[in-house]
Amino acid sequence: MINKVIIQGRLTADPELRQTPSGISSCRISAAVDRGYKSKETGESQTDFINVIAWRHTAEFISRYFKKGSMIIVEGNLRNNNYTDSDGVKHYSMNVHAESVHFAGGKSENRQEDTSAKASSDVSSKQPKATETVQLENLDDFEEIISDGEVPF
């Protein structure tokens, strides 16, 4: 059986990170996903609002790097969340349980001005640039391997 969902859309609100009593992170988001066609009567695009739930590291990643309006790609599976309320009324809903998420917008759209992004840019600025000369240590222990073009496996 296959249950695989991939959606791309924009967050309708800022993600809110929550913790279970046992300390497991969770995050619920809603993504606005265009259907890809317009209504014949009004000429307006049709949009679905899809509820997504993420757990653990994926939840923390979403809450840290995404905000309302951010474009996101979600890969996961579809689960129904049916329940009967106290009045005996049956409610039906479907959620996407996120297995992985990806950035979908441009660099400027996903840029974060928080300390974690600044810290990672500080680390990358210490890496040598392509035009810089790097002094290598003693390479006497290494042997050059001449390739005949064949893959060894």
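Colleague: Which residues does Trp55 touch, not counting those up to four places away in sequence?

Modeller: A contact means heavy atoms within 4.5 Å, and by that rule Trp55 touches Thr20, Ile24, Ser25, Ser26 and His97, with residues up to four places away in sequence not counted. Trp55 and Ser26 are 29 residues apart in sequence, yet their C-alpha atoms are 4.4 Å apart in space. This is a predicted model, in which local features need pLDDT of at least 70 and side-chain atom pairs count only at pLDDT 80 or more, while totals for chains, interfaces and linings use all residues. Residues are numbered from 1 along each chain as its sequence is written, and side-chain values use heavy atoms, with hydrogens and water left out.

Colleague: Is Trp55 buried, partly exposed or exposed?

Modeller: Buried means under 20% relative accessible area, exposed over 50%, and partly exposed in between (1.4 Å probe, protein chains only). Trp55 counts as partly exposed because its relative accessibility is 33%.

Colleague: Which residues of the largest nonpolar core touch the most other members?

Modeller: A nonpolar core is a set of buried Ala, Val, Leu, Ile, Met, Phe, Trp, Tyr and Cys residues joined through side-chain atoms within 4.5 Å. The largest one has 17 residues, of which Ile7, Ile29, Val52, Ile62, Ile72, Val74 and Val101 touch the most other members. Strand β3 gives the most to this core, with four residues; strands are DSSP runs of E, at least two residues long, and helices are runs of H or I, at least four, both numbered from the N terminus. Ile72 has contacts that include Ile7, Ile29, Ile62 and Val101.
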